[in-house]
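Let's take a friendly walk through some side-chain contacts and a bit of strand pairing. Have the sequence and the 3D view at hand as you read.

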Amino acid sequence: MSPSVTVFNDPFEHTIIAPAICAGVGVHTGRRVRLMVRPAAAGQGIVFVRTDIKDRDNRIPVSGEAVVDARLNTMIANASDVRLSTIEHLMAALSALGISNAVIEVDGPELPILDGSALPFVQLLDRAGFRRQEQPRQFIEILEPIRVEEGDKHATLLPCDRFEMRFEIDFDTAVIGNQVVDFVVNEDTFRNEIMSARTFGFAHEVEALRQAGLARGGSLENAVVIDGEEILNPGGLRMEREFVRHKALDAIGDLYVLGAPLMGRYEGYKAGHQLNNKLVRALLANPKAWRVTTKVPQMAMAG
């Protein structure tokens, strides 16, 4: 492969070369968890395995239909109701780095939050290395607009000859305010502009979340915390418009549950995991709005 061709733009599927391991705490459970990413065969897709579950099927293949809860994170489950939470940051890294096939073993109910961004997952995958597989990579080409709404929030998929994203957020607090990003989703932009953006939350919400059994592992080490008009993290923000960049990161991960990268434009306004999954399901429910295609000559496939 030419050095100028990134894995993301290569028309063939990729997996990793060697297993890679990391460990950390789950942001909601507060439980320490160990994660291992392993290579997988061509055509297998992304499959999570709950290694702590021994009495029933512990494999959870990723798909749009596998998402069972998307209120505060993206949670997937299998037919045996084995569940796994907070997959979105790793999914965003897999998507942006062009990894089509991987088995991810986790010994708990939630992926580690690490630093609250996708950066540690990108570093993990970089250490594992990338291997091309001799199977054309499938893309989901958007043929007709798909739009979903919830109150003043909305998310849309539009036809486009590449993967583009526009995301806009609007918060009352001056610390955030109105922020917009509009970019081509590829490996370079993800590495340079998106992957380091951390999840964020408000100090007044943390106690309520903890009383509900959530955010037990959340801290200034893995989230940007806002209190009134002040950012509590000693180092402040990592980058300009970090808040909207993280929402874009989440959307990239949420859309990759489709099992293939998009050829289309995503536009989100105040959208979150729940609306993103609603968009995924609306797309899957309308077969005329999309087709599966490849970028290998004479191998385009009707979907």
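Lys247 is found in helix H5 (residues 242-255); helices (H or I, at least four residues) and strands (E, at least two) are DSSP runs, numbered from the N terminus. This is a predicted model, where local features need pLDDT of at least 70 and side-chain atom pairs count only at pLDDT 80 or more, while totals for chains, interfaces and linings use all residues. Residues are numbered from 1 along each chain as its sequence is written, and side-chain values use heavy atoms, with hydrogens and water left out.

**A buried lysine**

The backbone oxygen of Ala271 lies 3.4 Å from a polar atom of the Lys247 side chain.

**Aromatic rings**

Phe171, Phe200, Phe202 and Phe243 form one aromatic cluster. Rings of Phe, Tyr and Trp (its six-membered ring) pair if their centres lie within 6.5 Å; planes under 30 degrees apart count as stacked, over 60 as edge-to-face and the rest as tilted. The count comes to 4 aromatic pairs by this rule. Two of these pairs involve Phe171 and are set out here.

| Pair | Centre distance | Plane angle | Class |
|---|---|---|---|
| Phe171 and Phe200 | 5.9 Å | 75 degrees | edge-to-face |
| Phe171 and Phe202 | 5.8 Å | 40 degrees | tilted |

Phe171 lies in the loop between strand S14 (164-170) and strand S15 (178-184), and Phe200 in strand S16 (residues 200-202), 29 residues apart. Phe202, also in strand S16, is 31 residues from Phe171. Phe171 is partly exposed, at 27% relative accessible area, whereas Phe200 is buried at 17% and Phe202 is buried at 13%.

Elsewhere, the charged end of Lys295 sits over the ring of Phe139, 4.5 Å from its centre (the rule: NZ of Lys or CZ of Arg within 6 Å of the ring centre and within 35 degrees of the ring normal).

**A three-stranded sheet**

An open, antiparallel sheet has 3 strands in the order S6-S7-S8. Its edge strands are S6 (67-69) and S8 (83-84).

Key. Buried < 20%, exposed > 50% of the residue type's maximum accessible area, 1.4 Å probe, protein only. Pairing = 2+ DSSP bridges. Polar contact = N/O pair within 3.5 Å; in protein donor to acceptor, adjacent residues only side chain to side chain.
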